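Colleague: Could you take a close look at how the helices pack in this one? I'm new to this, so please walk me through it slowly.

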Amino acid sequence: MLTSVLSLLHQGSTLLFGILISAFFLGVKQNRTNMMYLLLVFAAEEIANMICNLYLGEITTSQIYPLIVHLPLILFFCLYYGYSLLASCVSVFTAYLCCQISNWLGLFVLAITKSENGYYFVRILTTVIVFVMLQKYVCHVTESVFAREKRDLLLIGGFPFVYYVYDYTVTKFSQLLYSNNKAVAEFMGFAFCLAYLIFLLIYFREAEKQQAFQRSTDIMEMQLLSQQKEIEQVKALQEAMTILRHDMRHQLNMILAQLQSGNVTAAMDYISQIENSVSEAALTNYCENEMLNAVLSIWQMRFEKHGLTLKYDISIRQVLTCPELELCTILSNSLENAMNALMKENAPEEKWVNLKMFQRDDRLMIQMENPCYHPPRFVDGIPISDKKEHGIGTRSMVHYVEKLHGQCNFSVQEHKFLLRIIL
């Protein structure tokens with residue numbers, strides 16, 4: 001009598017465990033409404049299982065258990081909660097795999113004690129403990145896992161699916177597991193090893209991608225910080241120019257006083273000092289926006305320092321259609337790439353860059369061209385450098401263009417490298 005009661009409790013607790021854990025793995029909220037529906041599903045499947053046991057026998061019922069329990073549960077998750085078929089299957093197979101903890105411990109106790117009551121008692125107790133542990137420490141993170149892409153779900157559910165098929169093949173539809181066949185006995189070790197190797201392969205590949213992405217992110221942040229420092233430097237020059245303009249009246253009075261006293265040499269030296277100060281602080285007005293004037297002035301000086309020519313046609317209003325810092329970073333990376341390309345050219349007449357910038361409605365357009373007799377390699381329309389740690393500027397530029405929901409196009413036409421950006 002006690003054995004029959006424990007058997008029924010074991011059967012019910014295992015079924016309830018599978019239904020609830022499958023649902024919680026998917027992210028079903030643990031509220032009153034959901035618990036009521038899940039308990040109704042439990043009741044319906046338990047009744048169906050008991051009817052099949054009564055009319056078909058225990059062996060046949062265990063063989064069709066997936067049809068009367070697992071398949072309806074998967075369809076319930078898909079149709080009522082709207083989860084994908086793949087996620088629902090992976091969740092049910094994973095819950096089935098979790099049931100093997102109580103199964104092994106029960107068989108271990110049965111082998112030692114030879115007591116069926118002990119077997120069922122340990123299985124019920126283990127099922128409750130495993131449920132509490134999973135519900136408290138695992139289920140709250142699995143929702144995001146089961147919402148991942150199909151490729152990730154296939155990887156996550158591969159091993160539970162293999163075990164599910166293996167278990168039903170060798171224990172439910174046959175007795176191969178207990179036939180002393182070494183190949184059958186060692187299959188799970190082989191499957192586990194294979195799954196682990198596949199996991200390592202994918203894990204390390206993803207880790208390499210993550211490291212490369214982190215390096216690119218770090219370099220972009222460094223470029224952004226460098227750009228901020230350059231802008232701060234130019235702002236300091238602008239402030240110096242403001243001070244010079246403010247002090248110009250006093251300086252002219254001093255020059256006039258020296259000339260009136262006949263000290264022409266001292267007046268000329270003072271004028272030279274003022275001229276040098278003005279030259280150091282002077283910025284070219286390319287457009288109405290001061291930030292762009294600052295950045296373009298810096299790059300104009302760098303181009304002249306390397307004997308390069310920067311041609312420009314710029315019509316930009318004071319108020320931009322995008323954030324100044326991101327625009328200046330895009331522009332600086334574009335000019336730096338062009339300057340590096342020109343420095344590789346041998347012909348002096350081929351060392352120029354033609355920059356055009358203008359605004360139209362709420363859009364800002366940038367077009368840049370420079371001579372290019374050694375076209376770069378393009379991947380997905382983006383020029384790629386074969387040298388290690390090169391090409392970061394281009395990736396940074398593309399990153400910020402996409403961040404601003406803009407478009408950029410790279411091309412080579414008639415020995416000219418063309419860059420077009422719309423922001």
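Predicted model: local features only at pLDDT ≥ 70, side-chain atom pairs only at ≥ 80, totals over all residues.

Modeller: Let's start with helix 6 (residues 100-113) and helix 7 (residues 116-137), whose axes come within 8 Å and cross at roughly 150°. Angles over 145 degrees count as roughly antiparallel, so helix 6 is roughly antiparallel to helix 7. The crossing of these two helices is right-handed. Who touches whom? On the helix 6 side you'll find I101, S102, N103, L105, G106, L107, V109 and L110, and they meet E116, G118, Y119, V122, R123, T126, T127 and V130 of helix 7. Sorted by class, the residues in this contact are eight nonpolar, six polar and two charged.

Now hop over to helix 5 (residues 85-98) and helix 9 (residues 150-172): their axes also come within 8 Å, but here they cross at roughly 50°. That angle makes helix 5 oblique to helix 9. Helix 5 goes past helix 9 in a left-handed crossing. The contact between helix 5 and helix 9 has 15 nonpolar residues, along with two polar and three charged ones.

While we're on helix 9, have a look at D167, which sits in that helix. Its relative accessible area is 8%, and anything under 20% counts as buried, so D167 is buried. What does D167 touch, leaving aside its neighbours within four places in sequence? Its contacts are Y96 and K172.

Methods. Residues numbered from 1 in each chain as written. Heavy atoms only, no water. Axes fitted to C-alpha atoms, helices over the stretch in contact; angles between N-to-C directions. Helix = DSSP H or I, 4+ residues; strand = E, 2+ residues; numbered from the N terminus. Parallel < 35°, antiparallel > 145°, perpendicular 65-115°, else oblique. Left-handed = near helix turned anticlockwise from the far one by under 90°. Nonpolar A, V, L, I, M, F, W, Y, C, P; charged D, E, K, R; others polar. Contact = heavy atoms within 4.5 Å. Buried < 20%, exposed > 50% of the residue type's maximum accessible area, 1.4 Å probe, protein only.
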